[in-house]
Amino acid sequence: MPRKRIQGSFDYDPPGFSADQLRRAFANRLYFSVGKDTLTATDRDWFQAAALVTREQLMERWMRTMRSYYDHDVKRVYYLSLEFLIGRVLNNSLLNLGLYHRFDDMLDDLGLDAEQIERQEPDAALGNGGLGRLAACFLDSMATLRLPGYGYGIRYDYGMFTQKVQDGVQIEHPDNWLRYGNPWEFPRPEVLYQVKFHGRSVAYTNEHGQLSHQWIDTDDVMAMAYDTPIPGYGSDTVNNMRLWSAKASRDFDLRLFNEGDYIRAVENKTASENLSKVLYPSDSTQSGRELRLKQQYFFVSASLQDILFRYRKYHPTFTALPDKVAIQLNDTHPSLAIAELMRTLVDVHMLEWDEAWDLTVRTFAYTNHTLLPEALETWPVPLMQAVLPRHLRIIYEINHRFLQHVRRLVPGDVDLLRRVSLIDEHGDKRVRMAHLAIVGSHRVNGVAALHTQLMKETIFRDFDRLFPDRIISITNGITPRRWLNQANPALAALITAQIGNGWQTDLARLEGLGRFAGDAGFQATFVAVKHANKEALARVVRMRLGIELNVQSLFDVQVKRIHEYKRQLLNVLHVVTLYRRLIDGRAEQRVPRTVIFGGKAAPSYFMAKLIIRLIHDVGDVVNHDPRVGDRLKVVFVPNYDVSTAAVIIPAADLSEQISTAGTEASGTGNMKLALNGALTIGTLDGANVEIRDAVGADNIFIFGLTAQGAARLLRDGYRPWDWYNGNPELTQVLDMIGNGFFSPGDAGRYRPLVDALLLGGDPFLVLADYADYVKCQETVDALYSTPAAWTEKAILNVARMGWFSSDRTIGEYAEKIWGVEPVES
């Protein structure tokens, strides 16, 4: 290909966009990069060729984008996240580049099955759930808005796990997503940083007479970079996601190898490279906890070294650091970066503590994602002392100075000092990572209005008093490119035909659909799209599970991480209630319903895994009872990931967002489902509150206790037995589960679940919300029985979701936290 010279650099002139040139580029990549011809190429070979052609189209834009950031010396955003759940890249990149239809036509002309080729791409195993998907949406929005943003994370060899279900039991298997390589990434063996662990910290007086510290006798691991281009939609901006892979400081001990001790010869290499093997190694053992801590420090250390290397290319001092660098901590996992930056500035570059701390606080911002005190990350002090001895001393010093500040502000309040301290002194001492993140950041944000309000009123009330302007609210959002334009192309085409293009980057334009909500012709087309999506999901369920779904039934969907506070169990109680009514003959005219679950349980989370098994056992009974037939089905779709979500979400009629009020930070599944025309049934929790405000109270099903009501009930003395004894239908349902009706071969299998409700205090108020939930579901049935009224509300949900675009969210981050502007590349 010809090359042209721009600004003293050699630029790649990408292939043209004509059909002939695209076809020629495709053939060239198959022959010269994959090493196959058309006679021997498999579907996977065709995918590799397609990915390489698409990647080439990104390259010139990527290089130009990166160069423009240097040319203009812009302030950059660095988004540190332990997860980036990016999903499949091929279609997303083609859509963002405007090449999707041209590529599809080319494959069709060649007699190739585009869908079969697309399915060859595995979902990148770089995340678990909402946290990682949010990070991926944010990278997409930063590139689309032309903001200079970078993602930093870990290149996991196996990610979380592949979920398989055997006899109702979740079985975890390694997710070997890199088995056939990753055509989207660029290994950077020259970008290699040393990361230290263990050892000891020694104090000494430097040549300037200052007290300094040196971290010595360490065990070292190398972090190697892998870069993935992230294209914006309809823009020339292509940003970078840089992931770190752990490499041994030396591959193996040749002496031991030559002596025949092959295992010990590679022992160091194996131990070092375990750091980037899996996401969230189990913390049920001491070695697992140590691996998690090392993993977190590994990625923040490498990322900060890289950030400072880039900054120091053009800035000899650190004075301008907060003016050129904004670091966003996605949850507490990267919060060690605060201590690491302080160590680098003070120990390595010899800055005075006060100057270093001022630079650090003005550089960092922290996003909180949980209101559950038990979910706020802490680390045992002895573990921190062993793994990161210098960082523990720095955290102690930060804490000492912070508590002195608190004493000056609020003299004599010893209990306040205990509550806000970075060290939890109760029992075994632990480092409170959320406290470190708050104290070390200039902005802290919640991810929904209610979440932020509760942060200020409950878990971080003291910090809001000490730093009145630090905690702000920025409600989460989702990228419409992935979750409507790509996931639901038929609905996207219908929207474009009705209101024109432009909504992909200005989701507020969807409001124009509202005037067609009651139009019979538009309703009919909208229903046809939904029906086709339901048929597509039914085919997947038939292929994977051998279960036939009634596509005329209401598709009732709850897809999310399995956790007690998300209350999949409440959904199951409703399923059993419906089943009981059906076999008792009390629901002859009831709307047919298919209840669809999906989500993974953490490997060591016994109760969550037991809920998965209960779903399967209930489904096995319900689905095979001839008295029920097609009137009720229960389905659990295993290994829920981004690609599976893109099949389930467009098919959903009803979106289950039923967490206990005051426990969910925001949620983004609620946004994705509503954007695709599902009505929400939910509590006033997280972003459900703002969805209700946006779509209108008449277009959403709200039930249950409010956050204030839930807190008051627990405070005043919640007695689950009263709710059990006071509701005969609830009594019957719990007895069926607890006494083995759904597990006849193991009658006591589900006693732990029932005991947690009746004897364990029911902390997530499942029983308290049961009756109102069941009543609200009856309202759902009544509305679904009136198709025109249901469809009108579904269309209004789509039309009024514009505010929940991640473009709006990122725009708020840029304005309120980062102080960055769009850059033309």
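In which sense do strand 23 and strand 24 pair, and over how many bridges? In this predicted model, strand 23 (residues 679-682) and strand 24 pair in the parallel sense, and two bridges join them.

- Six strands form an open sheet in the order 21-20-19-22-23-24, and their pairing is parallel.
- Strand 21 (632-637) and strand 24 (701-702) stand at the edges with a single partner strand each, so one side of each has no neighbour in the sheet.
- Where strand 23 pairs with strand 24, Gly682 stands opposite Ile702 of strand 24.

**Helices on the sheet**

- Helix 23 packs on the sheet and touches strand 19, strand 20 (593-598), strand 21 and strand 22, while its direction makes about 155 degrees with that of strand 20.
- Helix 24 (residues 606-623) lies across strand 20 and strand 21, and runs at about 145 degrees to strand 21.

- The structure holds 51 salt bridges, among them the one between Arg29 and Glu56, whose closest N and O atoms are 2.8 Å apart.
- Because Arg29 lies in helix 1 (residues 19-34) and Glu56 in helix 2 (residues 43-71), this pair ties together parts that are 27 residues apart in sequence; both Arg29 and Glu56 are buried.
- Asp157 and Lys277 meet through their side chains in a salt bridge, at 3.2 Å from N to O.
- Asp157 lies in the loop between strand 4 (149-154) and strand 5 (162-166), and Lys277 in the loop between helix 9 (267-273) and helix 10 (286-312), so the pair ties together parts that are 120 residues apart in sequence.
- Asp157 counts as buried at 16% relative accessibility, whereas Lys277, with a relative accessible area of 26%, is partly exposed.
- Lys566 forms a salt bridge with Glu664, and their closest N and O atoms are 2.9 Å apart.
- Since Lys566 lies in the loop between strand 19 (554-559) and helix 23 (568-583), and Glu664 in the loop between strand 22 (654-657) and helix 26 (669-675), this pair ties together parts that are 98 residues apart in sequence.
- Lys566 is buried, with a relative accessible area of 8%, and Glu664 is buried as well, with a relative accessible area of 12%.

Note on methods: Residues numbered from 1 in each chain as written. Predicted model: local features only at pLDDT ≥ 70, side-chain atom pairs only at ≥ 80, totals over all residues. Heavy atoms only, no water. Salt bridge = Lys/Arg side-chain N within 4 Å of Asp/Glu carboxyl O. Helix = DSSP H or I, 4+ residues; strand = E, 2+ residues; numbered from the N terminus. Buried < 20%, exposed > 50% of the residue type's maximum accessible area, 1.4 Å probe, protein only. Pairing = 2+ DSSP bridges. Contact = heavy atoms within 4.5 Å. Axes fitted to C-alpha atoms, helices over the stretch in contact; angles between N-to-C directions.
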